[in-house]
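Hello,

I am passing a structure on to you, and my notes on it follow below. Please keep it open while you read them.

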Amino acid sequence: MNYGYVKVAAAVPRVRVADCKFNVSQIEKEIIIAEGKGVQIIVFPELSVTGYSCGDLFGQQLLVEEAEMGLMQVLNNTRQLDIVSIVGMPVALGGALLNVAVVFQKGKVLGVVPKTFLPNYKEFYEKRWFTSGFAVSATTLRMCGQVVPLGRNLLFETADTTFGIELCEDLWAPVPPSSTLAMQGAEIIFNLSADTEAIGKHAYLRSLISQQSARCIAGYVFSSSGFGESATDVVFAGNGLIYENGHLLAESRRFSFEEQVVISEIDVESLRAERRTNTTFSTGRAFSRETEPQRVTAEYVKGKELNLTRTYNPYPFVPQGIALDERCEEVFSIQVAGLARRLTHTQAKSAVVGISGGLDSTLALLVCVRTFDKLGWPRKGIIGVTMPGFGTTDRTHDNAVALMDSLGVTAREVSIREACVQHFKDIRHDMQVHDVVYENAQARERTQILMDIANQTGGLVIGTGDLSELALGWATYNGDHMSMYGVNAGVPKTLVKYLVSWVALHDVDESSKATLLDIVDTPISPELIPADKDGNISQVTEDLVGPYELHDFFLFYFVRCGFRPSKIYFLAMRAFKGKYDDVTVKKWLGTFFRRFFNQQFKRSCLPDGPKVGSISLSPRGDWRMPSDASSEAWLREIEGL
């Protein structure tokens, strides 16, 4: 299976201005290199056959004829190759000269796309030589002994994708041709460019491509002229850029003196899933005033074995570097804003939080503290309640007490042991049987305490459960599953610890910092089973349900991208290579899907809570799923891995 990937390349060859023979030899070489690496579609810069900076030489008949002869040479020498190639050249049509992209495969020209928007300002003088595609009424063109489709709205269909083409300035137009092409079905846009360099222009260009690929929900492959173009008045840096739905996949080295082929894989399956979900995109088709596009079908070729070169972050919810600090600040601010609105709307006099000494309750407490500070309310209005039970360890208990003390909130301690003992007597449950009854009774007792204290103090119970726990259903129904506002409901477990660490490093005193960092290092546990003989945690969550880093990876690609289990497995094996073997990944993937489907009933009645990222499991927001949906198809595919 190729899992929906299309391997593409942006080539930046060396050129000699007006030397078509040299230029096509370079083009041939890079096509052959790309074919050997499994590339399915390759794009070259604008006017790559002649060079972009020929100036008034474009008016010479010899140069135009040499360009066509050069193309014939490339067609002949690559006729045995499956790869689809896109090159730029000048083409004469009657009394006009067009700046075009030529698409060819296996010795056949599939179509020719003329440039629409011709820049004619500052250093650009294209209208001096070329005619815009707007002025072209012809729909075919004779070249290299073939009659081929010609038009601005050509769509090229291969066995794996549909793609469209625009040239350089087209991208900079208020409404780029790629916008229409995407709404008409193009999943990848190829841009042949001759972009000149200036201070700050490269950053703007990257932003432009990123935004256009995101707006079109498409792949975008950009190839721009490089070393060898005339430097009389401007310089060409050679930009090869590959984007997918706003994200950069690969890029060339700028100002390189050597030719380059930048390769990556565009996941058209994820683009299709995103387009199906985004109804605004499909509605936009109705606003396209273009005529029906002309569709050109490439020759069907046997797919090659997928050799994935792009990498996947094993922590899709956790960005790297400075972006992580920015993510933490933004997520924390969203949580605070949501809680502030709920507190002011309900005119609550307090916020009640169960403090276990674990990550989730710690984050919820920190959100409450920042919220009260921003509202100008005294922190004593935050009531932190620690409720030791049969499995509570000294480490978590002491951290809970120390944190409440250093943050200056109201601290209360209510042991649940005696109440649970009485409850077990009432329902005739053997306390030596540490089953689901034993565990859930403790969680529900704690929730009852919090709810009653909230009633006593005119406040709200602030939920602590996170997004990952909601996905797995790792909560006691009508126990810790329930609250009056769940501030962590949109935060995945892999991000929770970074949020707590971020607050520790940026927003608290040294005493609180030390406690927070120790909480980050504490194993994740509900502490519902008695500690071991040495007083250590005996019930580690990740031993029971699997590593949260795997589950968050599964969650992202299942809910956000709509991927099937086999593709998620394929990506996980690469993202976690060397850390988890295939048996382990398969085991926990099965656990994830079983629990995700079986535990939907808990998500169907979630308390309110703020969405903070691209995924929410709220039944009022992003995720609506019947509680009795069958997981059979997903589990059957996992069994077959």
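A351 stands opposite L460 in strand β19. The model is a predicted one. The strand that pairs with β19 here is β16, residues 350-354, and the two run in the parallel sense over three bridges.

β19 has a second pairing: with β20, a strand of residues 485-486, it forms two bridges, again in the parallel sense. In that pairing, G463 is the residue that stands opposite G486 of β20.

Is β19 buried or exposed? The strand covers residues 459-463, and five of the five are buried, so β19 is largely enclosed by the rest of the structure.

The other item concerns two helices. In general, a pair of packed helices is described by the angle between the axes and the distance between them. For α1 (residues 20-36) and α2 (residues 61-77), the axes come within 9 Å and cross at roughly 25°. An angle under 35 degrees counts as roughly parallel, and α1 and α2 are therefore roughly parallel to each other. The crossing of α1 past α2 is right-handed.

Which residues make the contact between α1 and α2? From α1 they are C20, V24, E28 and I31. These meet L63, E66, A67, G70, L71, Q73, V74 and N77 of α2. Sorted by class, the contact of α1 with α2 has seven nonpolar residues, three polar ones and two charged ones.

Regards

Definitions and conventions
Residues are numbered from 1 along each chain as its sequence is written. This is a predicted model: local features need pLDDT of at least 70, side-chain atom pairs count only at pLDDT 80 or more; totals for chains, interfaces and linings use all residues. Side-chain values use heavy atoms; hydrogens and water are left out. Axes are lines fitted to C-alpha atoms, for helices over the stretch in contact, and angles run from 0 to 180 degrees between N-to-C directions. Helices (H or I, at least four residues) and strands (E, at least two) are DSSP runs, numbered from the N terminus. Angles under 35 degrees count as roughly parallel, over 145 as roughly antiparallel, 65 to 115 as roughly perpendicular and the rest as oblique. A crossing is left-handed if the near helix is turned anticlockwise from the far one by less than a right angle, and right-handed if clockwise. Contact means heavy atoms within 4.5 Å. Ala, Val, Leu, Ile, Met, Phe, Trp, Tyr, Cys and Pro count as nonpolar, Asp, Glu, Lys and Arg as charged, and the others, Gly among them, as polar. Buried means under 20% relative accessible area, exposed over 50%, partly exposed in between (1.4 Å probe, protein chains only). Two strands pair if DSSP finds at least two bridges between them.
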